[in-house]
Amino acid sequence: MNVHADLTPDHKVIAEKRGALVEFGGVTKSYGPVTALRPTSLRIEAGEFFAIIGPSGSGKSTLLGITAGFIVPSAGMIRIDGADIVAVPPYSRNFGMVFQNYALFPHMTVAENIGFPLRMRGVAKTEKAERVARALAMVRLEGLGDRRPSELSGGQQQRVALARAAVYDPLLLLMDEPLGALDKNLREEMQEEIKKFQKALGVTVIYVTHDQQEAAAMADRLAIMRNGRLEQIGSPRQLYERPQNIFVAGFLGEASILPVSKATPLAGGFAVAELAGGGSVEAVASTGVGEALCIRPECIVVGPEAEHTDNVFAAQVEEAVYANGSVRYRLRLDGSGHVVNARFSTRPDLVLMQPGQRTKVGWARRDGLLIEGRPET
Amino acid sequence: MSLAMPERRLEKLSPSAARHRPWSPERGHALLLLPPLLLLVAFFVIPLADVVLQSFAGPGHPLTQYERIFTQSSTLQVLLYTFQTAATVTLCTLVLSYPVAFVVSRAKGNLLHLSLALILIPFWTSTVIRTYAWIVILQRRGVLNEMMLDWGWIERPLKLMSNGVGMQIAMIHIMLPFMVIPLLNTMRGIDGNLLRAAAVLGANPLRQFLSVYLPLSLPGVSAGSILVFISSLGFYITPALLGGQKTMVAVLIEQQASRLLDWPMASALATVLLVVTCLLFLLYERAMRFAGGGKTVGEVS
């Protein structure tokens, strides 16, 4: 644990204005014999941007549905600033929500859509018009209030959905894959915009997505879910650099994951691990003594410089792929026959290695991580 | 039309291409229209035109029959009664169908198939048979009266036939599928997330329904209503068997044509019915185009 204590950033974002503190205590959902969500406890700080990622069927949408109030949990409690809201119907929870397909009302104009939550709250006409105008300005859609949602582009519809979810100053904003329907460039633009929006409002955000890059770029902290369970919670950097198991390691970015047959602890949080099939390495024993060794591709050194690293292997290049200023090598280690992936930036004068070429591969012991889970071979 | 445009332009550019124009699905499809077209012209369009022409024939000036229809209180009453009945039947059908369509639109799997079958099987059963079934149920010594007498709910049998009540009950029953199916069609297209969105935004179930669901289901409501209303206007079998003294216009037409042999009058009544039906349909089309801005709501979502 002490090894990566210095990596832990202070993830506690102090609420600037009015974010809610959200606490889940043993929240569970099962449909008959099928468990959609195992007992889940989680604390999301006021004003925090919290992302939940995972493959489909991992329970992330169930957790969001329970938070919004569409799904009644089988057990457990959800506390907003200390008050349990499980029995509160969705229309009294005062949360904002942005849906994947935006769920704009097709029979209302943009202004009517944004004004809808205010109408439901009995806000007076003049004040309503004023707040709708302000919300439209905030998402840079001035002058489009009289349009129908169908007359807007995908990005504009997205912004209307955002304005509608925020116009009544909710304590908590829920987002269910809000950028899933947009193309890549627009998605990146909207990521920044949502982030700015959240900063300005100071609202707590729970953001569900299956896109790990999107989550890592936006969130203060992430939770990775699988099979109805939280696998790991942490900052994007913590999760990437210190995954606890092979699922997290494989879900976030690329990783070389090698099977370990035996590991012996060393002083200072390290361990000597014997790789299945031969060879031994020194690595960080982060979660006790795990069954797998995880190395991120940018930590692997290829070529003569590899000699100066802690764990050196002779290897053969199996594949070299160049893409936009970086090169990715697939290398097979001599002896054990394991495959590792390395990635680094190139410069115009750099000569790339070809498949079949022999070379040296190595990595520092602080860059190898013993984690839980048995890798498939 | 838009499909044919480029083809026509091609013809102008190269006349030889037009002569050797290859077979295209569009041309083939047009040919397929020919047999039903011939059938319809021979057995529908020509007789209908004949009916319209006949309405202007007969003694006196050409509009004599129409003058009679709109001045005689007896025919006016029949027309009024027909419209009243059609309106009542439409309203009752709508009220009964809306919840059914709502539930079925949310059903999945076996429940969906079962409920669709329950809606469609009566739809495929002959109207005559269903009307006779209602006679068995509703007559003086019928199932319903006997049952209510046995239970002591009533002392004397109720008069349910020959006074419009039975006729309207039977018509509502027969018209139900015509209302449920368009409603179902529209309701299945309503995105469930819209109701969830309304809920999160602060709308309680009643307001979710009134401000989101109901407006979005209106295309189905109007389509079903116009279908039931128009069908009820010209309904013949059920009014003839269950109607009694007060008659619907279709029954009156039959009386004029086959009992009184007043063909010009029968034709004029039929023409009035036809014109009213066409006007209603045009009105409906207009209203739909206005409401959807040229699109139906389903397309937008």
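In chain A, 68% of the contacts with a separation of 6 or more are between residues 24 or more positions apart, a contact being two residues whose C-beta atoms, placed from the backbone, lie within 7 Å. The model is predicted, so local features need pLDDT of at least 70 and side-chain atom pairs count only at pLDDT 80 or more, while totals for chains, interfaces and linings use all residues. Residues are numbered from 1 along each chain as its sequence is written, and chains are lettered from A, with ligands numbered from 1, in the order in which they are written.

Chain A has 8 helices and 20 strands; helices (H or I, at least four residues) and strands (E, at least two) are DSSP runs, numbered from the N terminus. Of its 377 residues, 44% are buried. Here a residue is buried if 20 or more other C-beta atoms lie within 10 Å of its own, exposed if 12 or fewer, and partly exposed in between, with C-beta atoms placed from the backbone. The C-alpha trace of chain A spans about 75 × 50 × 40 Å along its principal axes. The domain assignment divides chain A into domain 1 (2-241) and domain 2 (254-371), with bounds that come from an automatic or database domain assignment. The centres of these two domains, taken over C-alpha atoms, are 39 Å apart.

An open sheet of chain A is formed by 5 strands in the order β15-β19-β16-β17-β18, with antiparallel pairing. Its edge strands are β15 (301-302) and β18 (339-345), each of which pairs on one side only. Two strands count as paired if DSSP finds at least two bridges between them. Strand β16 (residues 311-323) of chain A is joined to β19 (residues 358-363) by 6 bridges, and Q316(A) has R358(A) as its bridge partner in β19(A). Between β16(A) and β17(A) there are 8 bridges, with A315(A) partnered by L333(A). These two strands form a hairpin with 2 residues between them, and N324(A) in the turn has a positive phi of about 40 degrees. Strand β17 (residues 326-333) of chain A then pairs with β18(A) over 7 bridges in the antiparallel sense; V327(A) stands opposite F344(A) there.

Chain B, by comparison, has 16 helices and 0 strands. Buried residues make up 29% of its 301 residues, and 71% of its contacts with a separation of 6 or more link residues 24 or more positions apart.

Finally, the two chains meet through 19 residues of chain A in contact with 19 residues of chain B.
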